[in-house]
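Hi,

Here is the structure I promised to pass on. Please open it first, then read my notes below.

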Amino acid sequence: MFSTIYILWLRQIKRYLRSKSRIIGSLGQPILFLVALGFGFGPMYSASGQGNFIEFLAPGIIAMSIIFTAMYSGMEVIWDKQFGFLKETLVAPVSRFNIMLGRTLGGASVAMFQGILVLIISTFFGFQILSFSGLLLGFLFMFLIAVFFTALGTAIASVLEDMQGFQLIMSFLVMPIFFLSGALFPIEGINRTLYYIIRINPLTYGVDGLRQSLISEGYFSLGLDLVVLAILAIITLILGAKLFSKIQI
Amino acid sequence: MEKILEVENLSKFYKDFQAVKDVNFNVFKGEIFALVGPNGAGKSTSLKMIATILNPSAGKIRINGIDTSKDSEEARKCISYLPEDAGAYKNLSGLDYLKFMASMYNDDKKAQKTQVDFAANLSNLGKKLKNKVKTYSKGMTRKLLLSRAIMTRPKLLILDEPTSGLDVINAVNVRDIIKNLSRQGVAVLLSSHNMLEVEYLSNRLAIIDKGEIKAEGKADDLKAKFQSQNLEEVFMKITK
Ligand SMILES: Nc1ncnc2c1ncn2[C@@H]1O[C@H](COP(=O)(O)OP(=O)(O)OP(=O)(O)O)[C@@H](O)[C@H]1O
Ligand SMILES: [Mg+2]
C-alpha cells in the first residue's frame, strides 16, 4: 500500500529533477519580486519606521514560489490525462487514493524544495533566519502550504478537461490568493473589506505562520496559523483524492 | 465456459449525444473478442467504460463476476488496458516506463523483474529500451506500450487498436502474440477497424456502428448469414 505512494512520490521528484529548465525558470519570478519590490519599496517601508522590508517580504515570496510550483504540480494531472500514462496508472490495481496521495506528496515536496531555494536566495538579499528551531518550524509551514496547493491543483485538474482552464485558474484564483494574503504588505490598518477577504484566505495563515517561524513577527498567533493551515490542508487533500478517484478520461 | 467479461445494456451519453447504445456482449476465458466498426462507432468509448476510466450512463459491466460500478478496484485486479492514444512521459526511458508500471502491479521485486524482462523481450527494442521514449518511432512506442499491457498477465486484456501504427511485420508479430496469450487462457477484448485483421484474429466479433451492435458472432457464421465473401462485405450489407 505504501509502496504505491512512494513510487508516485518518487516519480514526481524525478520528473522535476529532469526538467532543469523548469527549476531555473521558476526561480526567475521570485528573484524579480525580491529585487523589484525589495529594493523598490524597501526605503519607503523603513522610512515609515517598520524596519527591514526584505525581512517582511521574503516569507511572502517564499510562499509565492511554493504556491505556483504546487499548483503547477497539481495541475499536471490535466497534462497527464492527455499525454502521459495516467490512463494506465488509473487502470492499475492500486487504490486511486494512494495514487493521488503519492502524486500530491511528490508535488508538495518539489514545491517545498523550490521554496527552500528561494529562502537561500533571499539570504543573499539580506534576509536573516533567526534560529534553527524557527527554520524547522518554517519548513513545516512550507510543507503545509505546499500540500494545500498541490491538493487544490489536483482537485481542480481532476475536473477540468484540458489545459485551457489552467490560465483561468491562475488569473482568477491563484493570483488573487497570492496578492490578497498579506504576502506583500502588512495587514494592519487595511481597508475593512479587504481585511475580511484576507482573513478568509488560507494562504494568509501560511504566510503569517512562515513569518512567525522565520522572523518572529506576525499578525495572528502561531498556533492559530498552524491549526487553520493543517486542517485546510487535510480537507483539501481528502477532497482532492475524492475528485481524483472519480477522474473520467 | 467461464465468462470473464459480461456487458449488459451498456450506454454512454456525452452531454446529449449518445455514443454507445444499449450494447450487450460477453467474452469468455481464452477467447479473442473483437469490436469492429468505423471511426466514431463507439469502440474506444466502450473499452474505456470496461477499463473503469469512464462511467457508463447506463448498463452493467461485470469482470470476473465483479460489478465495476460497485468495486472497480477489485475489478481492476483482473484487467490490463492499452488505450488507443496511450502516451508515455517523453523524458522517461522505455525501460524506466516498464519498471514504473510493473511496480504498480506488484510489490514483489522479483515479480517486477520477471515482468519487465518479459516485456523488454517482447518489445523487441533491444538496446533502445534505455533511450528516452521521445526518441522512439510511433510503432516502437506502440510496441513498448503493448508489451507493458501484456506483461502483467491479466485475466482480461483490453486492447484499443493494438496494431495501429505498426508495419506489416510488426502487426503480424503482434497478432501472433495475442493469439498465443488467448491460448494460455487470457480473455482478449480488442477493437479495430481492420475487418481482415479481425477475421483472422478473433474467435468472435461484434460489428458496431453509430454506437449500436449490428451483428455478433463468429466470422464464418456472419459471412454465411449475410452471404458474403468476407467481413468487409458483411459490414457493407449491414450498414447500408
Ligand atoms: N469526450 C468526448 N466528448 C464528446 N463526444 C465524444 C467524446 N469522446 C468520443 N466522443 C464521440 O463519441 C463517438 C464515439 O467515439 P469513439 O472514440 O468511441 O469512437 P471509435 O469507435 O473508437 O472511433 P475510432 O475508430 O476513430 O477510434 C464519436 O462520435 C465521438 O465524436
Ligand atoms: Mg477509438
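**Salt bridges and contacts**

In chain B, Lys70(B) and Asp67(B) join their side chains in a salt bridge, with 3.4 Å from N to O. Keep in mind that this is a predicted model.

Are these two partners buried or exposed? Lys70(B) has 66% relative accessibility, so it counts as exposed, the cut-off being over 50%. Asp67(B) has 10%, so it counts as buried, the cut-off there being under 20%.

A second pair in chain B is Lys223(B) with Glu199(B). Their side chains form a salt bridge at 2.5 Å, N to O. This pair links distant parts of the chain. Lys223(B) belongs to helix α8 (residues 219-225) of chain B. Glu199(B) belongs to helix α7 (residues 195-201) of chain B. Lys223(B) is buried, at a relative accessible area of 15%.

Chain A has a network of its own. Arg15(A), Arg22(A), Glu76(A), Asp80(A) and Arg103(A) are joined into one network by salt bridges that share partners. Over all chains, the count is 19 salt bridges.

As background, side chains of opposite charge can pair when their charged atoms come close.

**Where chain A meets chain B**

How many residues does each chain bring to the contact? Chain A gives 27 residues and chain B gives 30 residues. Together the two chains bury about 2600 Å² between them. Of that area, 59% is on carbon and sulfur atoms. On the chain A side, the residues that lose the most area to chain B are Phe85(A), Glu88(A) and Val91(A). Together they make up 27% of what that side buries.

As for why area is quoted here, the size of an interface is often given as the accessible area lost when the parts come together.

Two salt bridges cross this interface. In one of them, Arg18(A) pairs with Asp96(B), and the closest N and O atoms are 3.9 Å apart. There is also a salt bridge between Asp85(B) and Lys87(A), with the closest N and O atoms 3.2 Å apart. This pair crosses between chains. Asp85(B) sits in the loop between β6 (79-82) and α3 (94-105) of chain B. Lys87(A) sits in helix α4 of chain A. Asp85(B) is partly exposed, at 45% relative accessibility. Lys87(A) is buried, with a relative accessible area of 5%.

Polar contacts cross over too. Seven residue pairs are in polar contact between chain A and chain B. Which elements of chain A give two or more residues to the side that touches chain B? They are α1 (2-18), α4 (86-91) and α5 (96-124) of chain A. The largest share comes from α1(A), with seven residues. By type, that side of chain A has 13 nonpolar, six polar and eight charged residues.

**Around ligand 1**

There are 14 residues around ligand 1. Which of them come nearest? They are Gly40(B), Gly42(B), Lys43(B), Ser44(B) and Thr45(B).

- Thr45(B): an N or O atom of its side chain is 2.6 Å from an oxygen atom of ligand 1.
- Lys43(B): an N or O atom of its side chain is 2.8 Å from an oxygen atom of ligand 1.
- Tyr14(B): an N or O atom of its side chain is 3.4 Å from a nitrogen atom of ligand 1.

Best wishes

Methods
Residues numbered from 1 in each chain as written. Chains lettered and ligands numbered in written order. Predicted model: local features only at pLDDT ≥ 70, side-chain atom pairs only at ≥ 80, totals over all residues. Heavy atoms only, no water. Contact = heavy atoms within 4.5 Å. Buried area = accessible area lost by both parts, 1.4 Å probe. Salt bridge = Lys/Arg side-chain N within 4 Å of Asp/Glu carboxyl O. Polar contact = N/O pair within 3.5 Å; in protein donor to acceptor, adjacent residues only side chain to side chain. Helix = DSSP H or I, 4+ residues; strand = E, 2+ residues; numbered from the N terminus. Nonpolar A, V, L, I, M, F, W, Y, C, P; charged D, E, K, R; others polar. Buried < 20%, exposed > 50% of the residue type's maximum accessible area, 1.4 Å probe, protein only. Near = heavy atom within 4 Å.
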